[in-house]
Amino acid sequence: MKRHKHRQETEAVRGGVDFRKKNGPLSTPIYQTSTFEVTDSEQQLRATHTDMFYTRYGNPTHTVAENAIAELEGADGALLFASGMTAITTTVLALLKSGDHIVAQRDIYGGATKFFSQWLPKYGVDVTFVDTTEYDQHARAIRPNTKLLYVESPTNPLVRVVDIKKIVALAKQHDLLTMIDGTFATPINQRPYESGIDLVMHSGTKYYAGHSDLIAGVIASRRDLIDTIRETRTTLGGNMDPHAAWLLLRGMKTLAVRVQRQNENALRIAQFLSSHAKVRRVHYPFLERHPQRALAMEQMRGGGGVLSFEVDGSGEDARRLAEALNLFTLAPSLGGVDSLVTIPVLTSHAMISAEQRAKMGVTDQLIRLSVGIENADDLIADLERALAVVTPVRQHAEVG
Ligand SMILES: Cc1ncc(COP(=O)(O)O)c(C=O)c1O
């Protein structure tokens with residue numbers, strides 16, 4: 001009989017689970033230990049290559065979470081890290097060497113930009129940054145020593161969508177590795193590995209964990225790459241603490257329902273904002289008039305829980321609005337069950353020059369929302385009340 005393949009809602013809850021009947025705990029035990037006892041020296045040698053040797057190498061709690069992640073991403077394997085940044089740095093250091101070159105899109109997470117532009121050159125790896133959706137620029141930047149195409153989709157904070165098929169085709173043509181930061185999309189909304197991306201990275205801190213209570217990183221990939229990155233993780237020491245791995249695993253059980261609710265809430269809020277007189281522009285790819293809607297709908301199951309918008313006023317108006325909100329807590333980060341609000345020019349894009357920010361479309365009036373799982377009507381009422389602090393100027397919001 002053909003084996004029934006589970007859908008993602010099932011994988012999120014039951015992924016990584018051994019279905020053999022047994023007497024045992026339903027919840028995965030936390031192996032809160034740094035080391036593992038062996039019976040004799042022979043066994044010690046064999047244990048080195050297992051998840052019961054020393055927790056920097058691996059741990060049975062991690063193994064369950066890693067198997068569940070691999071299933072959700074549709075990949076051969078997955079690895080956990082102490083943070084999203086550790087997942088990025090360890091992977092790049094594992095797979096590239098001095099003399100190699102990376103082509104990376106400009107709109108990537110600030111920490112990755114810093115690592116690429118300030119750290120990698122010290123080790124002889126060059127990076128060329130290109131405009132995110134200008135695929136000719138990606139192609140022109142490729143050199144004989146280029147090894148990796150690095151993208152992020154959707155992007156922060158303008159929620160721009162990168163055409164994954166185009167990136168994969170370009171990489172195939174030049175025999176390059178591809179890596180995506182898929183944090184904003186989650187595997188519920190987007191499965192880049194199945195579209196041919198080699199390395200899928202997430203800041204597990206965000207949607208995977210889902211409760212704003214831990215820091216984590218995730219890489220999903222094919223077996224040979226996972227093995228190389230695992231060895232580097234052991235050397236660089238970026239594995240997670242077992243308790244945090246267990247919390248991540250527990251958070252993952254509700255990933256599908258959380259993300260579905262966040263997709264719905266964010267779309268409702270984007271629609272509300274796009275018809276509000278005090279809003280100049282709304283960035284959310286599933287919005288009806290959004291120029292990237294067709295692409296977003298082709299490669300994503302939902303638009304995700306993050307959106308941004310510009311108030312039709314000054315930077316000061318944007319700050320006052322963010323401070324006036326109650327249900328959206330003024331805090332960086334995203335992806336949790338609680339709604340959050342940030343002003344990108346004061347947080348994620350504070351280190352970038354005003355000129356560069358203007359080029360990217362990150363204005364002083366821009367506000368980013370991470371929409372949680374609260375009731376959408378309550379969230380909209382909170383926004384409507386807070387928008388009263390903005391001095392109105394125009395009539396209709398633009399979408400893009
Ligand atoms: C898109 C994206 N990628 C990577 C990171 C880095 O993840 P972490 O903070 O878990 O190291 C972040 C953090 O905000 C992020 O938003």
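Helix 11, residues 255-274, has 20 residues, and its first and last C-alpha atoms are 28 Å apart, close to the 28 Å expected at 1.5 Å a residue. The expected span of a helix is 1.5 Å times one less than its number of residues. Helices (H or I, at least four residues) and strands (E, at least two) are DSSP runs, numbered from the N terminus. A residue is buried if 20 or more other C-beta atoms lie within 10 Å of its own, exposed if 12 or fewer, and partly exposed in between, with C-beta atoms placed from the backbone.

This is a predicted model, in which local features need pLDDT of at least 70, side-chain atom pairs count only at pLDDT 80 or more, and totals for chains, interfaces and linings use all residues. Residues are numbered from 1 along each chain as its sequence is written.

| Helix | Residues | Number of residues | Span, first to last C-alpha |
|---|---|---|---|
| Helix 9 | 223-236 | 14 residues | 20 Å |
| Helix 11 | 255-274 | 20 residues | 28 Å |

In helix 9, the buried residues are Leu-225, Ile-226, Ile-229 and Arg-233. Seen down the axis of helix 9, these buried residues fall within an arc of 95 degrees, so they line one face of the helix; the arc is that of the directions from the helix axis to the C-beta atoms. The face turned away from the buried side of helix 9 carries the exposed residues Arg-223, Asp-224, Glu-231 and Thr-235. Among the elements that cover the buried residues of helix 9 are strand 1 (77-81), helix 4 (84-95), strand 6 (199-203) and strand 7 (217-221). Gly-237, whose phi is positive, near 80 degrees, follows helix 9.

The domain assignment gives domain 1 (8-97 + 167-252) and domain 2 (255-399); such bounds come from an automatic or database domain assignment. The contact between them takes 17 residues from domain 1 and 17 residues from domain 2, two residues being in contact if their C-beta atoms, placed from the backbone, lie within 7 Å. On the side of domain 1 that touches domain 2, helix 1 (8-14) and helix 8 (186-189) each supply at least two residues.

Pro-344 lies in the loop between strand 11 (340-342) and helix 14 (354-360). With 24 C-beta neighbours inside 10 Å, Pro-344 counts as buried.
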